[in-house]
Amino acid sequence: MKRSFLAVIVVLVAVWTFQYTEYLTTIYFGKPLLTGSIAFALTMIGVLFQSKKGQAFFPRVAERQAWIRYLPAVAAIALLLLLPAQRMEEPPVGPGDSLHLVEFIPVFSELYGYLTTPDELLELFVRSKLFLLLQPVTEARNAIGLYSYFAGLVHLAAVIFFLKNRQDWMSGWLILFFTPVMALYAGYVESYSMARALIFTTIVSGWTAINQRASRARNLWVVAAAATAAIAVLHHLLAGLMLPALIYLIWQISNRESKTFLRLSLVAGLTGICIISAVYLGFLFSSHSGLVFAESHVGTDGMMPAGKLLSPRNLSKMAGLLFATPTFLILLFSNPTEKIQDKQDASIRRFLWISTVPFLLHAFLWNAAIGMPADWDLFTFFAVPLSLLVYHNLSQIHIHRILKAVLLPLLTALPGILWLCWLNETTPATLKNRQYIAYIETSVIPVLKEDRLLAQLPMKRQKMYLRLRLFEEKARFRLRQMPVSQDRQKAEQDLSKGMQTFHSGLLESDAIFEARIAETQKYLFPVYQFLQAQNSE
């Protein structure tokens, strides 16, 4: 009765969510023939595996032929290679800030050797170096997106290790990899791929540590988890939300003894701090330290006002994020509050919940700066620990095996493949943006390399100069493609006045420069709003 009531609630919430989130409707039902064909194929495969003949044949073959267990990894790699993320559009439609990065990484890499920020230190740095290395042989978007494939291999390796001795390895593959999150490993340009893979590896290390008996090896797994989490933080600061889970992990491994806890915390903490400090200090003492530390998203973005937390916009954002990763629905078939007799299992479940909740709170409390669906990649970090929590609760699901075999792929692989297909589309806007990126590389970067004014400016003003110069280039490029109208002419006039005002203050004192920036914004912000409105249409 309780589950039937929950099912009704889920259906009602789903209907409401899909009314508010048009992007989900487009991704899941925009091409009904594609959705139906994939759903039918997955259903048939699930029924085949769980039929009497399948139950008698496949497990026996898997026992004799160990390589069978690696077939899901091969299928995953094939999917990622065949359906790379090609879509490149302006927010809020496109995949995160991908277009922004494909525009900025080449410019900053050519001028300074790399682009990076304190929030995404290693991720942007590595992608910049890959661009410089591969620039002669491939397009910028392919070179920059290559690092996401490396992240995918890290995630795949962690899944293989985690499932190597487990009986329900097929279910594990569906839940732990074949979900919409795998799209971040398909040549995805945004800076969240490696951080996700390393968060997954951190949690797997913690799970492994809890499952082991007290020993030196067990403590080493804890230190390994702390080291992996530190490297994840260097790729994206959001990985720091793993800290409460790591503290709980050490407390459990220490058998809740204060002295042991403090000793192990000191070792794990110093390991993480040394890794983070070494990398940050390396950047701090580099010749372009101002390029790195002058800007942070922590200071520019922020929490949503308290009065808007329960607004339809924020609630639909959260519901959309959950249905974008619908694996969570599997939890409805289990009892998350059911008492587990096995202490290790109980500890693992608490560890997974503590890993998941901070990321869920971040998604709920943080403002979607560039809008949905563009911000889906930032706000679905919770899907990584949640997938392990769902897998852990599989043993509590008491439904017919055929029904389970049908539901599981429909809640994991189906949306995962549909997200890959959506991101793989080469839309008219994508083609125009590729033309713009080619224009930046061939016409703008050579001019900037010879720009004598740029060399006269302090680093903070150099960054501001480059950002506004690129905004001007993009705005003029897009305005030229629009039909002549009064709105277009006004936007062109405001753009010219704004850039003239900005240039007039570049070599002035700080007080005058800041005043000119404020005046510049009055002209440029209406241009930005006009372009955003055109993009939404």
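At what angle do helix 9 and helix 19 pack, and how far apart are their axes? Keep that in mind while you click through this predicted model.

**Stop one: the helix pair.** Select residues 169-176 for helix 9 and residues 383-392 for helix 19. The angle is about 155°, and the axes sit 9 Å apart. Angles over 145 degrees count as roughly antiparallel, so that is the label for helix 9 and helix 19. Look at the crossing too: helix 9 passes helix 19 in a right-handed way. Now show side chains for G172, I175 and L176 on helix 9, plus S387, L388, V390 and Y391 on helix 19, as these make the contact. Sorted by type, the contact residues of this pair give five nonpolar, two polar and no charged.

**Stop two: the cores.** Next, pick W173, L176, F177, I199, L249, L388 and W419. They have the most contacts inside the largest nonpolar core, which has 105 residues. Colour helix 10 (residues 193-211) as well: the largest share of this core, 11 residues, comes from there. Then zoom in on F177, whose contacts beyond four places in sequence are A76, L80, G152, H155, L156, G172, M182 and Y185. There's also a second, separate core of 44 residues; F131, I440, V444 and L468 are among them.

**Stop three: L130.** Jump to helix 7 (residues 121-134), where L130 lies. Is L130 buried or exposed? Its relative accessible area is 11%, and buried means under 20%, so L130 is buried. Draw a C-alpha to C-alpha distance to L146: 7.7 Å in space, for 16 residues apart in sequence. Setting aside neighbours within four places in sequence, L130 touches A143, L146, Y147 and F150.

Methods:
Residues are numbered from 1 along each chain as its sequence is written. This is a predicted model: local features need pLDDT of at least 70, side-chain atom pairs count only at pLDDT 80 or more; totals for chains, interfaces and linings use all residues. Side-chain values use heavy atoms; hydrogens and water are left out. Axes are lines fitted to C-alpha atoms, for helices over the stretch in contact, and angles run from 0 to 180 degrees between N-to-C directions. Helices (H or I, at least four residues) and strands (E, at least two) are DSSP runs, numbered from the N terminus. Angles under 35 degrees count as roughly parallel, over 145 as roughly antiparallel, 65 to 115 as roughly perpendicular and the rest as oblique. A crossing is left-handed if the near helix is turned anticlockwise from the far one by less than a right angle, and right-handed if clockwise. Contact means heavy atoms within 4.5 Å. Ala, Val, Leu, Ile, Met, Phe, Trp, Tyr, Cys and Pro count as nonpolar, Asp, Glu, Lys and Arg as charged, and the others, Gly among them, as polar. A nonpolar core is a set of buried Ala, Val, Leu, Ile, Met, Phe, Trp, Tyr and Cys residues joined through side-chain atoms within 4.5 Å. Buried means under 20% relative accessible area, exposed over 50%, partly exposed in between (1.4 Å probe, protein chains only).
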